[in-house]
Amino acid sequence: MAPLPGAELVQTPLQLYRYLLRCCRQLPTKGIQEHYKHAVRQSFRVHSDEDNPERIQQIIKRAIEDADWILNKYKNDS
């Protein structure tokens with residue numbers, strides 16, 4: 001299950017970036033939101049030179065799974 005509707009439509013790094021920033025808005029506090037926004041930005045920069053389509057799809061899949069895990073973690077902690 002994806003954290004937000006539309007995860008199945010994410011195909012490009014830019015779509016992933018926007019999607020993950022939207023996921024950050026679902027987190028409970030401003031501090032936690034800013035922490036994960038920073039992590040998303042850093043990861044985007046680190047992988048910005050990736051040009052292998054298979055690897056890009058692996059990164060997208062893993063990032064969506066990680067976002068799901070994080071949102072469930074904070075949802076269950078509340």
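What distance should the 17 residues of helix H2 span, and how far apart are its end C-alpha atoms? At 1.5 Å a residue, H2 (residues 30–46) should span 24 Å, and its end C-alpha atoms are 24 Å apart, which agrees. The expected span is 1.5 Å times one less than the number of residues. Helices here are DSSP runs (H or I, at least four residues), numbered from the N terminus.

This is a predicted model: local features need pLDDT of at least 70, side-chain atom pairs count only at pLDDT 80 or more, and totals for chains, interfaces and linings use all residues. Residues are numbered from 1 along each chain as its sequence is written, and side-chain values use heavy atoms, with hydrogens and water left out.

Stay with H2. Its buried residues are Ile-32, Gln-33, Tyr-36, Lys-37 and Val-40. They cover an arc of only 135° around the axis, which puts them on the same side of H2. The arc is taken from the directions from the helix axis to the C-beta atoms. Turned away from that buried side is a face with the exposed residues Lys-30, Gly-31, Arg-45 and Val-46. Buried means under 20% relative accessible area and exposed over 50% (1.4 Å probe, protein chains only).

What covers the buried residues? The cover includes helix H1 (13–24) and helix H3 (53–77). Take Ile-32, which lies in H2. Leaving aside neighbours within four places in sequence, Ile-32 is in contact (heavy atoms within 4.5 Å) with Leu-27 and Tyr-74.

Now go to the loop between H1 and H2, where Gln-26 has its place. Gln-26 touches Leu-4 and Leu-71, not counting residues up to four places away in sequence. Gln-26 and Ala-67 are 41 residues apart in sequence, yet 10 Å apart in space, C-alpha to C-alpha.

Next comes the largest pocket. A pocket is an open set of points on a 1 Å grid over the protein atoms alone, where a 1.4 Å probe fits, with protein on both sides within 12 Å along at least five of seven lines. About 530 Å³ of space lies in the largest pocket. It is lined by 24 residues, a lining residue having an atom within 4 Å of a point. Leu-16, Leu-20, Val-40, Ser-43 and Ala-63 lie nearest the centre. Val-40 is also one of the buried residues of H2.

H1, H2 and H3 each supply at least two lining residues. The largest share, nine residues, comes from H3. By class, the lining has 18 nonpolar, three polar and three charged residues.

Notes:
Points joined across faces, edges and corners; volume = space filled by probe spheres on them. Nonpolar A, V, L, I, M, F, W, Y, C, P; charged D, E, K, R; others polar.
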